[in-house]
Amino acid sequence: MRFGDPSQLQWLWALALTASLLLLLARRRRAQLGRFLPPAAFARLAPGARIGRRIVRLCLWLLAVTSLIVALARPQWGLRWEQVRTRGLDILVLLDTSRSMLAADFKPSRLQQAKWGLRELAQRLQGDRIGLVPFAGAAFLLCPLTTDYAAFLMSVEDANIGSVPRGGTAIAAALRVAVETFDKESIADRVILLVTDGEDHEGNLDRWLPALKERKIRIFAIGVGTPEGEPLPAPDGAPGFQKDAAGNIILSALREEPLQMLARETGGTYIRAAPGDLGLDKLISDHLSNLVRAESESRLSKTYEEQAGWFIAFGLLLLAAESALRERGGRDEG
């Protein structure tokens with residue numbers, strides 16, 4: 001036997017404490033009565049049958065509540081196999097791993113906040129395929145489109161500054177990898193989730209717009225950072241901040257214009273992230289939920305039979321027995 005919601009079993013501890021308290025109070029009450037009545041008089045006022053009935057009633061009540069608590073934990077046994085077909089989108093995450101994502105206007109860094117947001121996204125997906133393309137001065141497919149969200153999250157954790165050997169930021173290179181990755185035959189809407197601060201050293205973003213439109217690939221861009229900018233940490237762990245050739249501290253600021261253009265031209269949308277909120281809740285509820293989802297291949301899934309009904313019926317039967325025993329007992333002495 002297994003439980004669908006084993007956390008509910010914690011109420012058994014509360015029931016055990018309640019039972020202990022009831023027994024303690026009963027002993028204390030009996031001891032107090034013994035101070036005022038001799039044993040013979042107490043036996044006449046509280047016959048053994050009636051005391052036994054009270055114990056039986058208490059046991060029936062405790063067993064009934066135990067059975068109902070077990071029912072809340074959703075006991076399961078008996079296994080069956082079912083054909084399951086899922087419906088979902090194809091979502092390819094383009095994650096900026098350039099040095100500018102080390103800026104701390106989003107604590108502890110833009111990149112870490114982006115990773116936390118992608119973890120929340122993966123926890124909310126149901127049947128959608130998702131993949132990952134980290135990029136800096138170049139881009140590569142780190143995680144192919146998959147419904148294995150644990151594998152996707154492992155890839156997200158592996159995507160760090162330096163994962164892409166070539167420095168700089170080339171959004172166009174990430175778009176090229178995305179266009180080549182999506183299945184041309186899929187009827188599902190194809191989504192690029194571009195997570196970046198918008199800095200782009202290569203340009204040529206317009207070059208990929210025709211291919212994106214032809215394949216009906218929508219870009220949903222998430223801008224991570226602040227327009228005011230933030231100094232970048234010095235490279236190689238050195239103290240201070242990164243400086244240009246003239247000795248001035250380099251500020252990395254959010255560049256929204258290219259992200260807004262890509263989203264607008266492909267039928268997507270642009271969202272400016274905030275510290276602690278990547279904007280994915282709004283993206284899912286207002287945009288992704290309305291897109292076309294394709295039905296994937298069916299697969300066998302094992303399902304356990306829910307058996308809570310037996311425990312509910314047994315608990316109610318015990319409560320009925322406890323009530324009937326009380327009625328047969330006539331007036332109870334307390």
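**Asking how we know: burial, pairs and contacts**

Modeller: Let me start with helix H8 (residues 257-266), where Pro258, Leu259, Met261, Leu262, Ala263 and Thr266 are buried. Please keep in mind that this is a predicted model.

Colleague: What covers the buried residues of H8?

Modeller: The cover includes helix H6 (171-181), strand S7 (190-196), helix H7 (209-214), strand S8 (217-223) and S11.

Colleague: You mentioned S11. Why does Tyr270 count as buried?

Modeller: Tyr270, which lies in strand S11 (residues 269-272), has a relative accessibility of 17%. The cut-off for buried is under 20%, so Tyr270 counts as buried.

Colleague: Which residues does Tyr270 touch, not counting those up to four places away in sequence?

Modeller: There are Ala221, Ile222 and Gly223, then Leu254 and Glu256, and also Leu259, Gln260 and Ala263. Two of these names, Leu259 and Ala263, are also among the buried residues of H8. As for distance along the chain, Tyr270 and Ile219 are 51 residues apart, with their C-alpha atoms separated by 8.4 Å.

Colleague: What makes the pair of Tyr270 and Glu256 a polar contact?

Modeller: Their side chains come to 2.7 Å, and the limit for a pair of N or O atoms is within 3.5 Å, so the pair qualifies as a polar contact.

Colleague: Let's turn to charges. How many salt bridges does the structure hold?

Modeller: It holds 11. One of them joins Arg57 to Glu322.

Colleague: How do you know that Arg57 and Glu322 form a salt bridge?

Modeller: The closest N and O atoms are 3.6 Å apart. The rule asks for a nitrogen of Lys or Arg within 4 Å of a carboxyl oxygen of Asp or Glu, so this pair passes. Arg57 sits in helix H3 (residues 48-72) and Glu322 in helix H10 (residues 308-328), so the bridge ties together parts that are 265 residues apart in sequence.

Colleague: Are Arg57 and Glu322 buried or exposed?

Modeller: Arg57 has 16% relative accessibility and counts as buried. Glu322 is buried too, at 10%; the cut-off is under 20%.

Colleague: How far apart are the closest N and O atoms of Asp281 and Arg124?

Modeller: They are 2.2 Å apart, and the pair forms a salt bridge. Asp281 belongs to helix H9 (residues 280-286) and Arg124 to helix H4 (residues 110-124), so parts 157 residues apart in sequence are tied together.

Colleague: What separates Asp286 and Lys282 in helix H9?

Modeller: They are four residues apart, which means about one helical turn. Their closest N and O atoms are 3.1 Å apart, in another salt bridge. Asp286, at 38% relative accessibility, is partly exposed, and Lys282, at 48%, is partly exposed as well. Elsewhere, salt bridges with shared partners link Asp105, Arg110 and Asp197 into one network.

Colleague: Why does Lys115 have no salt bridge?

Modeller: For Lys115, a buried residue, the nearest side chain of opposite charge is Glu157, 4.7 Å away. Lys115, found in helix H4, does make a polar contact of 2.5 Å with the side chain of Asn160.

Colleague: And helix H5 (residues 149-158): which residues are buried there?

Modeller: Tyr149, Phe152, Leu153, Ser155 and Val156 are buried. They span an arc of only 155 degrees around the axis, so they lie on the same side of H5. The face turned away from that buried side carries the exposed residues Met154 and Asp158.

Colleague: What do the buried residues of H5 pack against?

Modeller: They pack against strand S4 (90-96), H4, strand S5 (129-135) and strand S6 (143-146).

Colleague: What makes S5 largely enclosed by the rest of the structure?

Modeller: Six of its seven residues are buried, so S5 is largely enclosed.

Colleague: In what sense do S4 and S5 pair?

Modeller: They pair in the parallel sense, over seven bridges. Two strands need at least two bridges to pair, so S4 and S5 meet the rule. Leu92, for instance, has Gly131 of S5 as its bridge partner.

Methods. Residues are numbered from 1 along each chain as its sequence is written. This is a predicted model: local features need pLDDT of at least 70, side-chain atom pairs count only at pLDDT 80 or more; totals for chains, interfaces and linings use all residues. Side-chain values use heavy atoms; hydrogens and water are left out. Buried means under 20% relative accessible area, exposed over 50%, partly exposed in between (1.4 Å probe, protein chains only). The arc is that of the directions from the helix axis to the C-beta atoms. Contact means heavy atoms within 4.5 Å. Lys and Arg count as positive and Asp and Glu as negative; His and the chain ends are not counted. A polar contact is a pair of N or O atoms within 3.5 Å; within protein, one must be able to donate a hydrogen and the other to accept it, and residues adjacent in sequence count only if both atoms are side-chain atoms.
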